Amino acid sequence: MQLFDVAIVGGGPAGSSCGAFCAMAGLQSLVIDREKFPREKVCGDCLNPSCWPVLERLELADRVQDLPHSKLCSVAFIAIDGREVIVDLPSGANCEISVKRSLFDDLLLRRARELGANVHEQTTVTGLSRNDHWNIETASGEFFQARILIGADGRNSTVAHLCNLLPRPARERVALQAHIPLPRDFGNRIVLQFLREGYSGQASVNETQLNLCLVGTPPTISKLRRWAERQFQLPADQGWRTITPLTRSPIPSAHENLFFVGDAARVVEPFTGEGIYYALRSGELAANAIAKILRDDDRNSALREFGRAYAQMYRGRLWINRLAREAVLRPQLGSLFVHAARIRPEIIKSLTAKIVEKL
Ligand SMILES: Cc1cc2nc3c(=O)[nH]c(=O)nc-3n(C[C@H](O)[C@H](O)[C@H](O)COP(=O)(O)OP(=O)(O)OC[C@H]3O[C@@H](n4cnc5c(N)ncnc54)[C@H](O)[C@@H]3O)c2cc1C
């Protein structure tokens, strides 16, 4: 049986990025995902401009620009009483765009495969054991071995669960998401709308479709759904994708021959639309560290360098994400913030600029 240098569980942005960069570094890489791609995913579909440099290093930026997408010009923050404040987004070639995850994730996974990663779709990891290397069991009975294991399997990470590292999820909130017909005159913008029961995120993803997300608690989510049905004239049998939890404690990213990347390591509040960037970049950082470790470079210095770069990725950004979480957990407070921003728009402008600045 082939012993892979690295096995990556999860082929979302974190796993595909990690698999692609590992393959680029000449490592025997395996990416395993339980889904058959292309597949949709609960997400607002917005790509923060910080993603572009990583996509350029993957030689994918032009191919992402070729996918059907919307170039997003502004964000409208709407308070519970309907008052709103609009903030322009940076324009130019590498601006914030929205693109369906089915298309984006499929492109990334194909890139990993093109670069030489061994990709197994429709393969669910169910068991792990460890001797000199990792033994990976799957639901289909296929069995894999690898020297280093990566958990890139999202917020409910099976790898973390099997390694007894998954924090107890705070099942306080749930999200619903659907692609619906684009309302006339919606424009190329993001709408972040506080509602009494939670919040809604909306963004056009192409010329005909709107990504609609609703975030609430289990008791309030059906009210939010009814609000969306009225607001967007949706049929009662509208299909919704769902995900929970929206919040959970982070897991340290680096362990002995085991890394966690993307949502598996840290789940951020979706309101600021940065999760895909953290997924792509943490996948790249883990690949760089693994390439050094397997080349017999000094393991400790590779891990130290990884730890520094990983912390740097979040530096100066995480506090805004926490602030956003406070605002969305108390929509009345979020609404007050929108009212204040109508008087002093520079506050919300500078916070938005911090989130969408290209790194
Ligand atoms: C409502 C909402 C809106 C959001 N909006 C945005 C946004 O607009 N912009 C943004 O940047 N971020 C947004 N995010 C966050 C973003 O979706 C995530 O941060 C991102 O998907 C993380 O990527 P990932 O690769 O770590 O995990 P995922 O995308 O979750 O990928 C994990 C993969 O692992 C696979 N997997 C899981 N378990 C197993 C197993 N046992 N065996 C094999 N495979 C497995 C899954 O099939 C999946 O393909 C949003 C999140 C939510 C909840």
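I looked up the ligand shell and found 36 residues around the ligand, the closest being Asp33, Gly44, Cys46, Asp263 and Ile276; a residue is near a molecule or strand if one of its heavy atoms lies within 4 Å of it. I note that this is a predicted model, in which local features need pLDDT of at least 70 and side-chain atom pairs count only at pLDDT 80 or more, while totals for chains, interfaces and linings use all residues. I number residues from 1 along each chain as its sequence is written, and side-chain values use heavy atoms, with hydrogens and water left out.

**Entry 1: the ligand**

I sorted the shell by class and found 15 nonpolar, 10 polar and 11 charged residues. Here Ala, Val, Leu, Ile, Met, Phe, Trp, Tyr, Cys and Pro count as nonpolar, Asp, Glu, Lys and Arg as charged, and the others, Gly among them, as polar. Helix H1 (13–24) and helix H7 (275–294) each supply at least two residues of the shell, and H7 gives the largest share, 3 residues. Helices (H or I, at least four residues) and strands (E, at least two) are DSSP runs, numbered from the N terminus.

I then looked up backbone N or O atoms beside the ligand. One of Cys46 lies 2.8 Å from a ligand nitrogen atom. One of Pro13 lies 3.2 Å from a ligand oxygen atom, and one of Gly275 lies 3.2 Å from an oxygen atom of the ligand. Taken alone the ligand exposes 1000 Å², of which the protein buries 96%; accessible areas come from the Shrake-Rupley method with a 1.4 Å probe.

**Entry 2: the sheet that holds Cys46**

I followed Cys46 to its strand. An open sheet of 3 strands runs in the order S3-S7-S4 with antiparallel pairing. Its edge strands are S3 (46–47) and S4 (70–71), each of which pairs on one side only. S3 and S7 (residues 97–98) pair in the antiparallel sense over 2 bridges, and Cys46 stands opposite Ser98 in S7. Two strands pair if DSSP finds at least two bridges between them.

**Entry 3: strand S11**

I recorded that 7 of the 9 residues of S11 (residues 143–151) are buried, so this strand is largely enclosed by the rest of the structure. Buried means under 20% relative accessible area, exposed over 50%, and partly exposed in between (1.4 Å probe, protein chains only). S11 pairs with S1 (residues 3–9) in the parallel sense over 6 bridges, with Ala7 opposite Leu149. S11 also pairs with S18 (residues 258–260), in the parallel sense over 3 bridges, and Gly151 stands opposite Phe260. With S10 the pairing is antiparallel over 4 bridges, and Trp134 stands opposite Ala146. The hairpin of S10 and S11 has 4 residues between the strands, and Gly141 there takes a positive phi near 95°.

I found Leu234 in the loop between helix H6 (221–231) and strand S16 (241–243). Leu234 is buried, at a relative accessible area of 11%. Leu234 touches Ile180, Leu212, Ala228, Glu229 and Trp240, not counting residues up to four places away in sequence; contact means heavy atoms within 4.5 Å.

I placed Thr352 in helix H11 (residues 345–356). Thr352 counts as buried because its relative accessibility is 9%. With residues up to four places away in sequence not counted, Thr352 touches Val75, Phe77, Val87 and Leu89.

I located Asn131 in the loop between S9 (125–130) and S10 (134–138). Asn131 is exposed, with a relative accessible area of 53%.

Technical notes:
Polar contact = N/O pair within 3.5 Å; in protein donor to acceptor, adjacent residues only side chain to side chain.
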